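Subject: Handing over a structure, with notes on what was found

Dear colleague,

I am passing on the structure below, and I would be glad if you could look it over alongside the notes that follow it.

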Amino acid sequence: MAYAIGHISGCHLNPAVSIGLWAGGRFPTAELLPYIMAQVAGAILGAFTVYIIASGQPGFDLAGGLASNGYGEHSPGGYSMQAGFITEVVMTFMFLIVILGATHHLANPGFAGLAIGLSLTLIHLISIPVTNTSVNPARSTGPALIVGDWAIAQLWMFWVAPIIGALIAGVVYRWLSPNED
């Protein structure tokens, strides 16, 4: 996606990314809320599209969670809330550090999408068993609104943890790279 729409929006499809870039001094405050609103709207539309497609299969059951994020009995591996929270903070932190580093003005811009995409792949491989991988509050919101019940009850964590990870990454990035300009 970075190569497809990066030139349009910076490929901000994730509120945590926008917040992390803002905290890192790379995104204007005035654009933060409009971006987040668009990201959430897009995620809801995407989740609804997946639901329409998936429900076309005989025997489809929404009890499967539509890949909703969860902890405890709703974690794919049965991981606790604490384990899920730490996983989401750390994985989002790492994702933002890669994004901020790969898009630094001294980095080779042609490889940013590759570095970001591969890091997101690794993040998914690590955290799908724990929480079904969020690191993106918008991505978590779409399926939760369709699934309802437990997915909405646990949604708070998939906003709070990624935002904390993103804010920490922005602060650490500024400390590591104080003279970005």
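In these notes a residue is called buried when its relative accessible area is under 20%, exposed when it is over 50%, and partly exposed in between, with a 1.4 Å probe and protein chains only. By that rule, buried residues make up 41% of the 181 residues in the protein chain.

Please keep in mind that this is a predicted model, in which local features need pLDDT of at least 70 and side-chain atom pairs count only at pLDDT 80 or more, while totals for chains, interfaces and linings use all residues. Residues are numbered from 1 along each chain as its sequence is written, and side-chain values use heavy atoms, with hydrogens and water left out.

Overall picture

The protein chain has eight helices and zero strands, where helices (H or I, at least four residues) and strands (E, at least two) are DSSP runs numbered from the N terminus. Read along the sequence, the pattern is accordingly α-α-α-α-α-α-α-α. The C-alpha trace spans about 55 × 35 × 30 Å along its principal axes. The radius of gyration of the protein chain, taken over C-alpha atoms, is 16 Å, which agrees with the value near 16 Å for a compact globule with 181 residues; the globule rule behind that value is 2.2 Å times the number of residues to the power 0.38. Taking contact to mean heavy atoms within 4.5 Å, one finds that, among contacts between residues at least 6 apart in sequence, 72% join residues at least 24 apart.

How the helices pack

Two packed helices are described by the angle between their axes and the distance between the axes. Here the axes are lines fitted to C-alpha atoms, for helices over the stretch in contact, and the angles run from 0 to 180 degrees between N-to-C directions. Angles under 35 degrees count as roughly parallel, over 145 as roughly antiparallel, 65 to 115 as roughly perpendicular and the rest as oblique.

The axes of helix 6 (residues 137-147) and helix 8 (residues 157-176) come within 9 Å and cross at roughly 175 degrees, and the two helices are therefore roughly antiparallel to each other. Their contact is made by Pro137, Ala138, Ser140 and Thr141 of helix 6 together with Phe158, Trp159 and Pro162 of helix 8. By class, this contact has five nonpolar, two polar and no charged residues, where Ala, Val, Leu, Ile, Met, Phe, Trp, Tyr, Cys and Pro count as nonpolar, Asp, Glu, Lys and Arg as charged, and the others, Gly among them, as polar.

Helix 6 is also largely enclosed by the rest of the structure, because eight of its 11 residues are buried. These buried residues, which include Gly142, Pro143 and Val147, pack against helix 2 (15-23), helix 3 (29-54), helix 7 (149-154) and helix 8.

Helix 4 (residues 81-102) packs with helix 8 at an angle of about 40 degrees, with their axes 7 Å apart, and that makes helix 4 oblique to helix 8. The contact of helix 4 with helix 8 has 18 nonpolar, five polar and one charged residues.

Helix 2 and helix 4 have axes that come within 10 Å and cross at roughly 60 degrees, and they are therefore oblique to each other. On the helix 2 side the contact is made by Ala16, Val17, Gly20 and Leu21, and on the helix 4 side by Thr92, Phe95, Leu96, Ile99 and Leu100.

Individual residues

Ser18 lies in helix 2 and counts as buried, at 0% relative accessibility; not counting residues up to four places away in sequence, Ser18 touches His12, Phe27, Leu32, Tyr35 and Gln39. Thr87, found in helix 4, is buried with a relative accessible area of 15%. Leu118, by contrast, is placed in helix 5 (residues 112-131) and counts as exposed at 53% relative accessibility.

Most residues other than glycine have a negative phi. Val135, in the loop between helix 5 and helix 6, has a positive phi of about 50 degrees although it is not a glycine, and counts as buried at 2% relative accessibility. Asp149 in helix 7 likewise has a positive phi, near 40 degrees, but is exposed, with a relative accessible area of 67%.

With best wishes
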